[in-house]
Amino acid sequence: MNKIRLFIPLLATLAACDPVTNSGTTQVQTATNQAKVSVDEFYARRPTQYTWPAASKSSGQDSGSLLTKNYYLVIDGSGSMEDSGCSGDQSKIDVAKAAVAQFVAGIPVDANVGLFVFDQYGIKQRVALGQRHAEVQQQVQAISASGGTPLLHAVNAAYHAITVQAQKQYGYGEYHMVIVTDGEASKNEDPGDLVMQIIRESPVTIHTIGFCIGTEHSLNVPGITNYSAASNPEELLSGLQNVLAESSQYVMDSFDEATFDKAKVAP
């Protein structure tokens, strides 16, 4: 199902098709040379047409909600989050809970929010995407740090959940995956290749806030991923708030009923 996105970054007049190269470097072809571009330019120049998400018999919902924004949170509740690290007298997980609570409170009430957590209670989705802000807040506060860092599993589950929602919206709207982590992935759990696939084939924007780990992380790919290094509680909150600021840079066009009809897939 090929469609034109109804939101584009403000710089989207700069056109380019799939600027991600096999080497993992973001480049823009010019008449005389190739030049590296910034993250903002990269997202601005991503393709405006995708075959993602694939058609599904369950696709579609009321046209009034097709432009809904979606924020899917992946929260690291691994054992190392119980340490104090750069979070002062509190554990990193307690600081993260407080920051995420403020972030969720700032998400528009008409946007969808979902939550995936790995902690002592397991590796699973805690809240499905929907207008469930209060439920997400409750589940975040219930996180209890323990275990490893299965980032590949988490990112894969998050992308699946976002894709299911995108099928309901026929690919229209905004899709943000927000990851908060304090360490590298466990063995065989590096999500790097999957992240590159997501960026190539979909309009999903991946935001990662690395807490107390600096910039040396597999999810920090300069020029491609949105990565913020947080060395204290204030920077963690700022990194999360920047997700909403970046989202506001998108311009939502009015819904076009004719375009929607063409995009519909019969069950």
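**The surroundings of L73**

Modeller: Leaving aside neighbours within four places in sequence, L73 is in contact with V100, F103, V104, V113, G114, L115, F116 and V178. The model is a predicted one. L73 is among the residues with the most contacts inside the largest nonpolar core, and so are I75, F103, L115, L236 and L240. That core has 30 residues. Two or more of its residues come from each of strand 6, helix 2, strand 7, helix 3, strand 9, strand 10 and helix 6 (233-247). Helix 2 gives the largest share, 7 residues. Apart from this core lies another, of 26 residues, including V74, V155, Y159 and I199. In soluble globular proteins, nonpolar side chains tend to be buried together.

Now the strands. Strand 6 (residues 69-76) pairs with strand 7 (residues 112-119) in the parallel sense, over 7 bridges. In this pairing, Y72 stands opposite G114 of strand 7. Helix 3 (residues 133-141) packs on the sheet and touches strand 7 and strand 8, with its direction at about 15° to that of strand 7. Helix 2 (residues 92-106) lies across strand 6, strand 9 (174-181) and strand 10 (205-211), and runs at about 175° to strand 6.

The sheet itself is open and has 6 strands in the order 8-7-6-9-10-11, with mixed pairing. Its edge strands, strand 8 (122-130) and strand 11 (226-230), each pair on one side only. On average, neighbouring strands of this sheet are turned by 15° against each other, direction ignored.

Terms used
Residues numbered from 1 in each chain as written. Predicted model: local features only at pLDDT ≥ 70, side-chain atom pairs only at ≥ 80, totals over all residues. Heavy atoms only, no water. Pairing = 2+ DSSP bridges. Helix = DSSP H or I, 4+ residues; strand = E, 2+ residues; numbered from the N terminus. Axes fitted to C-alpha atoms, helices over the stretch in contact; angles between N-to-C directions. Contact = heavy atoms within 4.5 Å. Core = buried A, V, L, I, M, F, W, Y, C linked by side-chain atoms within 4.5 Å. Buried < 20%, exposed > 50% of the residue type's maximum accessible area, 1.4 Å probe, protein only.
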